[in-house]
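Work through the following exercises with the structure in view, and read each solution only after trying the task.

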Amino acid sequence: MNETIRELLGRVGGLPVPVTELTDEADLYAAGLSSFASVQVMLAIEEAFDIEFPDSLLNRKSFASIKAIEETVAQIIKSREAA
Amino acid sequence: MSLAALATDNTLATRAQRVAAVAAEFSDNVDAEGRFPKEAVDAMKAERLLGIQVPAAHGGESASLLEIAEVCSIIGQACASSAMIFAMHHIKLSSLVEHGEESQWHLGFMQEVAGRQLLLGSATTEGGIGGNLRNSICAIEIDGDTCRLTKDATVISYGAQADAILITSRANADAAPSDQVMTVFRKGQYTLEQTHVWDTLGMRGTCSDGFLFKGEAPAEQVFQKPFAEIAAQSMLATCHLLWSGVWFGIAADAVSRAQSFVRAAARKSAGQVPPGALHLAEASNLLQLVKSNLLSGIRTYEDAKADGEKLSSMSFAIAMNNIKIASSQRILDIINKAMLICGIMGYKNGTPYSLGRHLRDAHSAQLMISNDRILANSSTMLLVQKPDFSLLG
């Protein structure tokens, strides 16, 4: 999942630095992720993992780092499996 | 509302009415000369309205956003420029009140704002960023305990009269354009070299000239919270809500003038109403929509404040954007209807029914953070946001 997220982030995140230079914990907003680009990343992730972000997870915190995105996606997949 | 709270509310309204009386007296002159409404702002200070938002424990009155919006509206019915200055001051103050408590310096400064009735200005606009306040070109330089900043601030409303300026910049020389911080600079810690003159269609008294800002201050005056969070969690919402309070005030006064016109005409002709009278009913209807929209927005903000997650959610941002779009557009329709009612007496300056200043001031509403930019921002969020159509919120 980490690889896919990194690949999408590199493709649509519009970051001024290569994704390979970012740690999983790096603050993506400080790295230059704009709010517009974060929506593009969300859309790409919804498509790639066949999920939908509930409104409660559509906030800055969920997309603050690669690790945060991973946790958010994992949480959605888990709650879907439980349902 | 409890009786005690109602009594406080009345007091605040009365104080605001006294300021409005002063503002009304000078509003035409302020508009004609494009000068700072000194008399009205002095009256705000004398009535101690500049600190009402500060928690009572820190020397203020813990006024709610609804109460502050009401003051914006009351003053806005008299002089939109004065009301906008009051609103912008409180938008800046909200950053201190909502985010300043974790820093001793900001806490102390907040107390001083209330104690000494300091007027806060804002410098978020910069030459070259294309009007997007979430981007900066300039960067703050932290050198030991000192911070320095130079900014080509194309707009600083009442910059020359403010007692302090809250200014945005990149967090450091290597930071991305959206990685911003906000810093408080007090008068005496900066110089302003005027670069643009505010000679505009309306809102002429806000004196929103452009300046080259150069400041140096202790580094502790930088807000610890990133500006992105300040903007999302308090600034944009209070902007849209308090501006809407001012705009509602402008439209309300236009409707009040139109109503006086119709009433006077009906009295003169034994109940025969002038041909434009139907528009009065329509204007009243639209005014009610603007009011309901604003009130529901304030309630949404108060609810979200109790829940940090909600405050930074997309649905909240879209709701606040919608309030701004709706009130800025509707007030123009309302004032236009008032103009149709008052006819030439509304079109002329210097009559009890004059609406020229209202119309000119109101035209700023769609441009202060351009509605096109806000719609584009909302339409991006709507790509992923999931709708919630429940009436229960």
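**Exercise 1.** State how chain B is divided into domains.

Solution. Chain B consists of domain 1 (3-118), domain 2 (121-221) and domain 3 (227-381), with bounds that come from an automatic or database domain assignment. This is a predicted model, in which local features need pLDDT of at least 70, side-chain atom pairs count only at pLDDT 80 or more, and totals for chains, interfaces and linings use all residues. Residues are numbered from 1 along each chain as its sequence is written, while chains are lettered from A and ligands numbered from 1 in the order in which they are written.

**Exercise 2.** Describe the side of domain 1 of chain B that touches domain 2 of chain B.

Solution. Begin with the contacts (C-beta atoms, placed from the backbone, within 7 Å): 19 residues of domain 1 of chain B meet 18 residues of domain 2 of chain B. Next, find the elements, which are DSSP runs numbered from the N terminus (helices: H or I, at least four residues; strands: E, at least two). At least two residues each come from α1 (3-33), α4 (80-99) and α5 (104-116) of chain B, and α4(B) gives the largest share, eight residues.

**Exercise 3.** Is Gln180(B) buried or exposed?

Solution. Locate Gln180(B) first, in strand β5 (residues 180-186) of chain B. Then apply the cut-offs for other C-beta atoms within 10 Å, placed from the backbone: buried at 20 or more, exposed at 12 or fewer, partly exposed in between. Gln180(B) is buried because 26 other C-beta atoms lie within 10 Å.

Notes:
Contact = placed C-beta atoms within 7 Å.
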